[in-house]
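Trainee: Could we go through this structure together? I would like to begin with the overall picture and then turn to local details.

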Amino acid sequence: MRITPFLLAAALLTLEAAADSTECLHCNKHFLPQPLKLIPGRKYARDRRADILHVKLDVTPDFAKRTVSGTTTLRFKPIALPLEKLELDAVDLKIASITAEGATVAEHQVAEDKLIITFAKAIAPDVEAAVTITHSAQPEHGLYFRTPEMGYKKGDTQVWSQGEAEEHRCWFPSYDYPNERFTSEVICHVPKGMQVISNGTLQSEKPEGENLVAFHWLQDKPHVNYLIAMAAGYFHKLEDKAGSLPLAMLVPPSHAEQAANAFADTRKIIEFYQKEIGVPFAWDKYYQVYCLDFIAGGMENTSCTFEAADMLFNSDTEQLRSLHELDAHETAHQWFGDLVTCRDWSHLWLNEGFASYYTVLYEGEKLGADAMKHALWKEAQQVFQANDTRPIVWKDYGDPMQQFDSRAYPKGAWVLHMLRSQLGADLYRKCIKTYLERNRSSIVRTEDLQDVIEEVSGLSFDQFFDQWLFHGGVPELKIEYAWDAASKQARISVRQTQKLSEQVRLFRLPLPVGFAIAGQKELLKFTADVKKEAEDFYFHLPAQPELVRIDPDYTVLAKVSFTPPGPMLDKQLQSDLIGRLLAISTLDGKHIDQLGKALREDGFYAVRAEAAKALAKIAEPEARAALIAGSNNQPDARVRRTIVQSLASMNTTESQDTLWKMAQKEKNPDILASIIESWGARPGDAAVSAELRKQLGGTSYNSLLQVAAIKALRAQDDEGAVLDVLARLSSLNDLRGRDAGAAFDALAFLARRPTNAQRNAVREFLTAKLTDPRNDWRLASTKALGTLRDPRALAVLEPMLRSSNDRIDPVREAAAKSAQDIRADLESPADLKKLWDRVQQLQKQSEDQQRELETLKKKSQAAAPEKKAGK
């Protein structure tokens, strides 16, 4: 075969599936933990040999060394059979000792990802026992330090946990799977002046000697392992109450001014949910802790959600930023995911789909019916764009984190919306209340929800659950309309066009159809029972309709292809919100006047924003003029930012001049950052160049404007800016991870030419970051070295590849890709053949080493002879 750079990259990046997206935009969980290891085959819920009753952690974090040590005590009792061995999940833990109560430990074994405790005598069923394990770790996952040595402000020192999906095993031994619930307590010893937040209620706060204080938290209500939480550090705290329920918001001291913006909706959300769900808040408090460089948008630990400090914002961002959606999503989890929890990861939608849908419901409560419909519209667009044909309930994932995608979040939310639409709001509420009360403090499967809905409603939902949850895809409907004046009948022809497969079948669904008749205020509504690949539906009407609306109340998740004929399109532009959004999406260059009017006059911001996008797509002079005219007097920042992005995509003299004028008066930093980035299309413009240097040297919250200036300089390929960018990055030691990635890549790109005098300095800067304690900075610098294309970087990149560890390591994979990119620029075909042979040799060596490790593992876990039942 022909050896290509792509194939070399594929050889070095041995786990292609690791690139699968685990991003979910719904609640900004865009930093979700990446898979640690992909395991082939279908996944099923674990056996439970023992019932874990209580877990007690007593730990001391060492902030200087970024280590944690202490003890974990687990109380348990065998369920049905005598228990000879207790297997716990444990990764990279140092086990110092193990003691037991109610049993005697014969020996213990530390395997690759297990701690196996063997008892001298099997523990009989229902006999309570306990083990106490003394352990220590320098965890790469599960527990994360943020210290001054890592570039964080001294007063912001933190350590915090993140257990979902199965990461707590990296800092304490546990049964780390969601089909087991227990009570828990956390005792944490920290330097005086720090606070510790954990689940449940604070039992004590006691000084220990001159330097330490011990916080003791108890969660006396059972929950699953990944919901154990611990955060320690210095915090600015705000407090409130929802009735008698204590509420608190804790942020790093450097973000104190932003705390109130994040806390504005919490009490209202809880009060709304208690009324809407009909089940009181189950936990003793509700705290929110904002963590520096948190690896998810938010995490719903029982009674104390952890969230990303990156998402805090100033009020000058106007409508562009709000945390009420994140707040609503994570708070909903206190019912859905915490009070009841999916029994295994194939049923994750029972956690995330519910949280996503109740966020949509709160959007309606807070901002009105149109806001709720627009939230559903955005959810639907995520589903359509993902184009994922796997079922929501899917057992073939390689790692649990691969379940955290559009199927669990927006598609799961839409499943619930369709249920609510078919049942009616009141009956739906009764079903969900019954579901929660019946399964309270328990684990659930999708079938448990179906059973309740069918019992309470008396209706069969077999087909609904089968097609929406146990099969994949969405219906794609091509619809045509015709009017028969003689019979006064409207004909709607519906054809299902989705590609059919074992996973994607024909759907059966109730498809609402509405007709606007002259002189009648309300639509005449009908429902078509769609179930065939192609079928016609006829509707008797008093007169020819002025407008035909498919699914006017927005109750079905379907890709609908339908263009209203003739004047109906103009009528639809004056109809409901979803109708207007759909109409905008069908308008072309013949409808510039209508789009311009929508941009200037429509009452809902999202319609104006979509009109701006449509005008930019048309890109004719008249469309540009309409877009520029519509840029004036836009009070909603979301529309102004869309206009900026639309003008930037046109890249004409008129659009550039308009953006320059907007920059002179724009006060919103997010919009100003978008304008600054657009200047990347204006190389050689002296005024722009001067302004970019000015912004580069300035300051802004989270260095937003400085990063925008760096991106613009990269787009200009301004090689002369390397020294300025390098100097600025040398002083920006607290960049957020994603910003570091963009900035380092820009610096490397600008210095990539061998003739650049600063190339050596850039390579040295990036090489120094390879040992940065922050994983995202190491990843950013590793990728940037590939962009730099300096062959001298191979000396530091190649040693990073020499690892037989089969866990997914994004830094190692980035090093492989960067090394491949550098060599692809250098080597002749013969050299590439040698490189290919060397890659294969290294791969074989790694496979041999892995087989040896597997053999040793199997030998160490050799099965004992089976005993007869009752012996």
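Mentor: Of the 871 residues in the protein chain, 55% are buried, where buried means under 20% relative accessible area, exposed over 50%, and partly exposed in between (1.4 Å probe, protein chains only). This is a predicted model, in which local features need pLDDT of at least 70, side-chain atom pairs count only at pLDDT 80 or more, and totals for chains, interfaces and linings use all residues. Residues are numbered from 1 along each chain as its sequence is written, and side-chain values use heavy atoms, with hydrogens and water left out.

Trainee: How many helices and strands are there in the protein chain?

Mentor: The protein chain has 27 helices and 28 strands. These are DSSP runs numbered from the N terminus, with helices (H or I) of at least four residues and strands (E) of at least two.

Trainee: And why is the chain described as being as compact as a globular protein of that length?

Mentor: Its radius of gyration is 29 Å, close to the 29 Å that the globule rule gives for 871 residues, so the chain is as compact as a globular protein of that length. The radius is taken over C-alpha atoms, and the rule is 2.2 Å times the number of residues to the power 0.38. Along the principal axes, the C-alpha trace spans about 90 × 75 × 65 Å.

Trainee: What share of contacts joins residues at least 24 apart?

Mentor: Among contacts between residues at least 6 apart in sequence, the share is 70%; a contact means heavy atoms within 4.5 Å.

Trainee: Changing topic, where is Gln-274 found, and what does it touch?

Mentor: Gln-274 is in helix H3, residues 266-277, and is partly exposed at a relative accessible area of 30%. Leaving aside residues up to four places away in sequence, Gln-274 touches Val-279, Pro-280, Phe-281 and Trp-335. Trp-335 is 61 residues from Gln-274 in sequence, with 9.7 Å between their C-alpha atoms.

Trainee: What lines the second largest cavity?

Mentor: The lining includes Leu-647, Asn-651, Trp-679 and Arg-682. A cavity is a set of points on a 1 Å grid over the protein atoms alone where a 1.4 Å probe fits but cannot get out, and lining residues have an atom within 4 Å of a point.

Trainee: Which helix gives the largest share of that lining?

Mentor: H17 does, with three residues.

Terms used
1 Å grid on protein atoms, 1.4 Å probe; cavity = no way out; pocket = protein on both sides within 12 Å on 5 of 7 lines; lining within 4 Å.
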